[in-house]
Amino acid sequence: MSEQRPVIVYGVSGYTGRLVCEYLREYNIPFIAAGRDKERVQAVVEKIPGIETADYEVVGVEHSVEALTKLFKGAKVVSNMVGPFIKYAPEVVEAALAAGCHYTDTTGEQDWVLLAQQRWGAKFAERGLLLAPNIAQMYTTGEIAANICLETPGLDTLDILVLWKGLPTYASTQTIFTILKANWYYLEQNKYVEWDLTASYEVSVPGQHESAIAVPWGGTAHPVWFKNDPRVSNCKVIGGVLQRQVMEGVRQTTQMVKEKIRPLPLDQQEKALADIAATLQSSMPPRENPRVNTSLDSVHASGPLGRAHCVIHGNCNYKQTGMLQAYAAFSLLQTAPKKAGFASACQAFGHRELLGQLRSFGLVMNPILTVQA
């Protein structure tokens, strides 16, 4: 079964999984759409635009290492959409490794990225396989902007801002609340420093007069990706949605979590946060509209005697994520990653290559780069 369809998208019943399948169709890649509820996956896949021209199969699978390994055998790439990842991804990674598959996901959980690096990074590297959590717009597009800045030598500090218009999906909302029970870190002199859970900032938004509210958003994966990059010693990331009232609510929620939920035992924290998340977003959001759902990634890079600023304006952040996941599979089916084992999208595929793909699908503008060095 998998020998004929080399890519498996696990968790297709969600919003992002559907978009990954849509872009796999664009790249003309045969795939298996898998999930725990076959009928639910089938119902979602049938609504994908142009799906009648795709080479695909829908499969229901139990969420266990044994069942997933059996499904993955013969495939080459597993694109995992099932989160919260700290809770559900370990079985998927174990199965991908056992089946000899590259692994990618869309996580926004820094604690999961750190765990994946520590527990499986060396094992994937030994087999020449890619372990790339966190391939998604909110992380990869900003990483592209950071790497464009770092093309100027002598810069060692990254100040990254990620903003977008729209509301998170159900799965993203679950992730946002899951990371509230974890510790978040930024990078300072190549060491992890813990964020204050309630930290928030009033930020200037490139391209408009109105300011916005941004928060550490779980720390993001950027400090992890740049931790062992000899060019970078410091990396801080903040982000959020451009709707001010939503971010005011985020501020209030993090304060409440710090005061009332963090003191609880871990299992009670998880239940309380999941209950809150379920009340905020329980249905499938509408398909993104590029005239409404815009994204902005801004990176200030600095060094002792140099400055660079890169801004990437885009649209449809979830579509960006779907395309990035599909291109990762497209590339891996044809050539080995630039870096095996634990690696970011830019480390595995190249930041200029990824930018070219986003541009070719009309998802981002040409970067705006200002350099003083």
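Trainee: Which side chain meets that of glutamate 22 in a salt bridge?

Mentor: The partner is arginine 287, at 2.7 Å from N to O. A salt bridge here is a side-chain nitrogen of Lys or Arg within 4 Å of a carboxyl oxygen of Asp or Glu. Please bear in mind that this is a predicted model, in which local features need pLDDT of at least 70 and side-chain atom pairs count only at pLDDT 80 or more, while totals for chains, interfaces and linings use all residues. Residues are numbered from 1 along each chain as its sequence is written, and side-chain values use heavy atoms, with hydrogens and water left out.

Trainee: Is glutamate 22 buried or exposed?

Mentor: Glutamate 22 is buried, at 7% relative accessibility, whereas arginine 287 is partly exposed, at 40%. Buried means under 20% relative accessible area, exposed over 50%, and partly exposed in between, with a 1.4 Å probe and protein chains only.

Trainee: How many salt bridges does a search of the whole structure find?

Mentor: The search finds 10. One of them joins aspartate 196 and lysine 258, at 3.3 Å from N to O. Aspartate 196 sits in the loop between β9 (191-194) and β10 (201-203) and lysine 258 in helix α9 (residues 244-261), so this pair ties together parts 62 residues apart in sequence. Aspartate 196 is partly exposed at 37% relative accessibility, and lysine 258 is partly exposed at 37%. There is also a network of salt bridges that links Arg5, Asp55 and Glu57.

Trainee: And which residue forms a salt bridge with glutamate 353?

Mentor: Lysine 338 does, with the closest N and O atoms 3.7 Å apart. Glutamate 353 is part of helix α13 and lysine 338 of the loop between α11 and β15 (341-342), so the parts tied together are 15 residues apart in sequence. Glutamate 353 is partly exposed at 35% relative accessibility, while lysine 338 is exposed at 56%.

Trainee: Let us stay with α13. Which of its residues are buried?

Mentor: In α13 (residues 351-360), the buried residues are His351, Leu354, Leu355, Gln357 and Leu358. They lie on the same side of α13, because they cover an arc of only 160° around the axis. The arc is that of the directions from the helix axis to the C-beta atoms. Their cover includes α6, α11 and α12 (345-349). Just after α13, glycine 362 has a positive phi of about 70°.

Trainee: You mention α6 and α11. At what angle do their axes cross?

Mentor: The axes of α6 (residues 137-149) and α11 (residues 317-332) cross at roughly 75° and come within 9 Å. Since 65 to 115 degrees counts as roughly perpendicular (under 35 is roughly parallel, over 145 roughly antiparallel, the rest oblique), α6 is therefore roughly perpendicular to α11. Gln137, Thr140 and Thr141 of α6 make the contact with Asn317, Gln320, Thr321 and Leu324 of α11. Contact means heavy atoms within 4.5 Å.

Trainee: Where is isoleucine 135 placed?

Mentor: Isoleucine 135 is in the loop between β6 (130-132) and α6, and is buried at 1% relative accessibility. Leaving aside neighbours within four places in sequence, its contacts include Thr140, Thr321 and Leu324.

Trainee: A change of topic: the backbone. Which peptide bond is cis?

Mentor: The bond from glycine 83 to proline 84 is cis, with omega near 0°. Proline 84 is in the loop between β4 (77-80) and α4 (85-99).

Trainee: What is the phi of tryptophan 217?

Mentor: Tryptophan 217 has a positive phi of about 50°, although it is not a glycine. Its place is in the loop between β11 (212-214) and α8 (222-225), and it is buried at 11% relative accessibility. Threonine 220 is found in the loop between β11 and α8; its phi is positive, near 60°, and threonine 220 is buried at 3% relative accessibility.

Technical notes
Axes fitted to C-alpha atoms, helices over the stretch in contact; angles between N-to-C directions. Helix = DSSP H or I, 4+ residues; strand = E, 2+ residues; numbered from the N terminus.
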